[in-house]
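Dear colleague,

Please find below the structure that I am handing over to you. My notes on what was found in it follow directly after.

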Amino acid sequence: MARVTLESLEKRFPDGTSAVQALSLEIPDGEFCVLVGPSGCGKSTTLRMIAGLETLTAGVIRIGERVVNEVPPKERDIAMVFQNYALYPHMTVHANMAFGLRMRGMSRAEADRKVREAADMLELTDLLERRPKALSGGQRQRVALGRAIVREPSVFLFDEPLSNLDAKLRVQMRAELSRLHRRLGATMIYVTHDQVEAMTMGQRLAVMNGGTLRQAAAPMEIYDRPADRFTAEFIGSPAMNFTRGRLAGSEQFATAEGPWRLPAPVGASDWPESLDLGVRPEGVSLTNAESGDSPQGTVVLVEPLGSESLVHVDLDDAVWVVRSRDAELPRVGEVVCLSIRPGCTHFFDAGSGAALRGMHATV
Ligand SMILES: Nc1ncnc2c1ncn2[C@@H]1O[C@H](COP(=O)(O)OP(=O)(O)O)[C@@H](O)[C@H]1O
Ligand SMILES: [Mg+2]
């Protein structure tokens, strides 16, 4: 087991593409840390630098206490599982898992013992004599995992390992990987663009965008207290609703269309002029109350999901999504009022995107 420390990582490719900038992150020993962000934000490049498959333009990577910048991949005590895990098609599951161990000079008996132990953990015992083409996608992915597990690395690196699986299998494998992490207690760094996968699996998320780290924190901390507008919008589904405006007086948030009566956070007086108000879909409810202060809009879409419904309301400058558990739902075309639940508002500097917090933790 080992801690992984990234200090001011920088990656510029020869063609001038700057893939990663000033990335610092410490992943404690035994943590399941998820690097999450949109496609192209530098996740794979970061993981490949940790693995030693990509050189650093600047910065320091430590695994445990050791600086590994110049250490070849094979000597870093890591195992990596990719989206496209190539299994050897002519070898059995057993041979696929044992291959790397035998290459390193491990005895047949010792390799067999490790393969059987991993197969037991991954419920592959009955499949050990099969070849990859006789396995389902999920089973193949488990063999790829097994191949990593038998090496007993200090650090596991996963690059979108579930993205080739169908939706149901992905959910199942998510749970299996989390269980595996608890069982092995190893440090795991998991890359995904899927924020649901990140939220459900990560003990801690490191949210990236445009090659930079935006926020590293526990999933619910990020959900409740996003550091910036990008993170607020990226994490959570449906996404947070936003409206641009400014504070007008102590009790009001004003948009171009008019004032909404919202409690202005204590300490907001020195905030910038232009603000983005953000509210998650569960922070808004629909009311019939005709009140000049609350935002009004026209229902443009109603999506019943069974346990709840999503009501899309056009507020002129934005369409907001309301998560509703009401039995009676408005119809498309109906005019409704929105009521924002106390403590559910987020404010951001419209210029920099940085989150602004009042003296109360909730605003
Ligand atoms: N070998 C390369 N040469 C030039 N640019 C690259 C190379 N590999 C990746 N990039 C660029 O670096 C950025 C980050 O890529 P990547 O780390 O693969 O993103 P992610 O895994 O988050 O989707 C992208 O703009 C990508 O096009
Ligand atoms: Mg990638």
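Which residues are exposed on the other side of helix α5? In this predicted model, they are Ala167, Lys168, Ala175, Arg179 and Arg182. The remainder of this message begins with that helix and then turns to other parts of the chain.

**Helix α5**

Helix α5 covers residues 167-184, a run of 18 residues. From its first C-alpha to its last it reaches 26 Å, close to the 26 Å expected at 1.5 Å a residue. Its residues Met173, Leu177 and Leu180 are buried. Seen down the axis of α5, the buried residues fall within an arc of 60°, so they line one face of the helix. An α-helix has 3.6 residues a turn, so residues three or four places apart point the same way. The cover over the buried residues of α5 includes α3 (108-121), α4 (137-149) and α6 (195-201). Just after α5 comes Gly185, which takes a positive phi of about 65°.

**The chain as a whole**

The protein chain has 363 residues, of which 35% count as buried. Its secondary structure comes to eight helices and 21 strands. Taken along the principal axes, the C-alpha atoms fill a box of roughly 80 × 45 × 35 Å. Among contacts in the protein chain with a separation of 6 or more, 66% are between residues 24 or more positions apart.

**The surroundings of ligand 1**

The residues that surround ligand 1 are Phe13, Asp15, Thr17, Ala19, Gly37, Ser39, Gly40, Cys41, Gly42, Lys43, Ser44 and Thr45. By class, this shell has three nonpolar, seven polar and two charged residues. Helix α1 (residues 43-51) gives the most to the shell, with three residues.

Leaving aside neighbours within four places in sequence, His193 is in contact with Val36, Gly37, Pro38 and Ser39. His193 and Pro38 are 155 residues apart along the chain, and their C-alpha atoms are separated by 5.3 Å. His193 is placed in the loop between β8 (187-192) and α6, the latter being one of the helices that cover the buried residues of α5. With 18 C-beta neighbours inside 10 Å, His193 counts as partly exposed.

**Strands and sheets**

Strand β6 (residues 78-81) has Ile78 and Met80 pointing one way and Ala79 and Val81 the other way, and all are buried. In a regular strand the side chains alternate between the two faces of the sheet. Four bridges join β6 to strand β7 (residues 155-159), and the two run parallel. The bridge partner of Ala79 in β7 is Phe156.

Elsewhere there is an open sheet of six strands, with antiparallel pairing and the order β13-β12-β11-β14-β20-β21. At its edges stand β13 (258-261) and β21 (355-356), each with a single partner strand, so one side of each is left without a neighbour in the sheet. Strand β20 (residues 345-349) is joined to β21 by two bridges, and these strands run antiparallel. Here Phe347 stands opposite Leu356 in β21.

**Backbone points to inspect**

Most residues other than glycine have a negative phi, and most peptide bonds are trans.

- Asp77 has a phi near 60°, a positive value in a residue other than glycine. Its place is in the loop between β5 (66-67) and β6. Asp77 is partly exposed, with 17 other C-beta atoms within 10 Å.
- Glu123 has a positive phi of about 55°, although it is not a glycine. It is placed in the loop between α3 and α4. With 11 C-beta neighbours inside 10 Å, Glu123 counts as exposed.
- The peptide bond from Ser237 to Pro238 is cis, with omega near -5°. Pro238 is found in the loop between α8 (229-234) and β11 (241-248), and β11 is one of the strands of the open sheet described above.

With kind regards

How values were computed
Residues are numbered from 1 along each chain as its sequence is written. Chains are lettered from A and ligands numbered from 1 in the order in which they are written. This is a predicted model: local features need pLDDT of at least 70, side-chain atom pairs count only at pLDDT 80 or more; totals for chains, interfaces and linings use all residues. A residue is near a molecule or strand if its C-beta atom, placed from the backbone, lies within 6 Å of it. Ala, Val, Leu, Ile, Met, Phe, Trp, Tyr, Cys and Pro count as nonpolar, Asp, Glu, Lys and Arg as charged, and the others, Gly among them, as polar. A residue is buried if 20 or more other C-beta atoms lie within 10 Å of its own, exposed if 12 or fewer, and partly exposed in between; C-beta atoms are placed from the backbone. Two strands pair if DSSP finds at least two bridges between them. Two residues are in contact if their C-beta atoms, placed from the backbone, lie within 7 Å. The expected span of a helix is 1.5 Å times one less than its number of residues. The arc is that of the directions from the helix axis to the C-beta atoms.
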